[in-house]
Amino acid sequence: MTIQHRVEPFKILNAETAPEGSKPYIEQAEAAFGLLPNVEGVMAQAPALLASYMTAWDHFDKTSLTPAERQVVYQAANFENNCQYCMPWHTILSENAGIDPEDVEALRNGSNLNNEKYEVLRVFARDLVRTGGSIEPNALASFLKAGYNQQLALEVILGLAVKTMSNYTNSIAQTPLDEPAQPKAWVKPSLRGEFLT
C-alpha cells in the first residue's frame, strides 16, 4: 500500500513577493506578455531557474528558425511532455506566428502536419525528446535532407531546453492556467478517456 503524502501547492510569486534576484525577470515577463504568467510566478522562487529560462527564451527567439518553426519545436515538446499549461499558451503563439489552423490543431494532437517542412522539424524535435537525444543517424539525415542544417539542429536543442525548464516546472507545480489561455485548454489525446470516466 502506497502512503500518500500531502504536498503544499507551489507558491506563485509576483513583483512584490519574489526574491530580489527574480524581480528583473518578472518585469521582463510582464512587459512581454502584458501580465505575469503563472509559470514565471512559480519559477520566481528559484531566481537562477527564472533567469535561465527567460534568457534561453530570448536566445531562442534570436535563432535562425522562423517564429512558426520555433512554435513547432515548442509544441512538439509540450505534447511529448504532456504540458497542459504550455500547450494552450503556445497554441495562441502558434496562431500569432501564422501557422495554418489545421497544423495548429495537429500540433495539439501530436499528428502529422500538412506543411511538409514543419512536419520534418516536428518529428526531429519529437524524436529528440523521446530518445533523450539518442536519435538514429537517419533521423538527423532526414532533417538535413529537408533543407535544415547543423546550426538549426543545434538551435532545436536550445528550444527543447527552454521547454524542459517550463514543462518540468509545470509538471511538479501543477501550475494553474492563466485566464487568457483558458479558451485553449488542452488534455493530451491519449489521456482524454481517463478524464471522461
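Ring pairs link F33, Y53, W57, F60, Y74 and W89 into a cluster, where rings of Phe, Tyr and Trp (its six-membered ring) pair if their centres lie within 6.5 Å. The structure is a predicted model, in which local features need pLDDT of at least 70 and side-chain atom pairs count only at pLDDT 80 or more, while totals for chains, interfaces and linings use all residues. Residues are numbered from 1 along each chain as its sequence is written, and side-chain values use heavy atoms, with hydrogens and water left out.

By the ring rule the count comes to eight aromatic pairs. One of them joins W57 and Y74, which are stacked at 5.3 Å centre to centre with 20° between the planes; planes under 30 degrees apart count as stacked, over 60 as edge-to-face and the rest as tilted. Because W57 lies in helix 3 (residues 47-61) and Y74 in helix 4 (residues 67-80), the pair ties together parts that are 17 residues apart in sequence. Both W57 and Y74 are buried, a term that means under 20% relative accessible area, with exposed over 50% and partly exposed in between (1.4 Å probe, protein chains only).

Helix 5 (residues 86-96) has eight of its eleven residues buried, so it is largely enclosed by the rest of the structure. The buried residues of helix 5 are C86, M87, P88, W89, H90, T91, I92 and S94, and W89 also belongs to the ring cluster. What covers these residues includes helix 3, helix 4, helix 6 (101-109) and helix 9 (150-173). After helix 5 comes G98, with a positive phi near 90°.

The chain as a whole has ten helices and zero strands, where helices (H or I, at least four residues) and strands (E, at least two) are DSSP runs numbered from the N terminus. The radius of gyration of the chain is 17 Å, close to the 16 Å that the globule rule gives for 197 residues, so the chain is as compact as a globular protein of that length; the radius is taken over C-alpha atoms, and the rule is 2.2 Å times the number of residues to the power 0.38. Along the principal axes, the C-alpha atoms fill a box of roughly 50 × 45 × 30 Å. Of the 197 residues, 43% count as buried. Among contacts (heavy atoms within 4.5 Å) between residues at least 6 apart in sequence, 68% join residues at least 24 apart.
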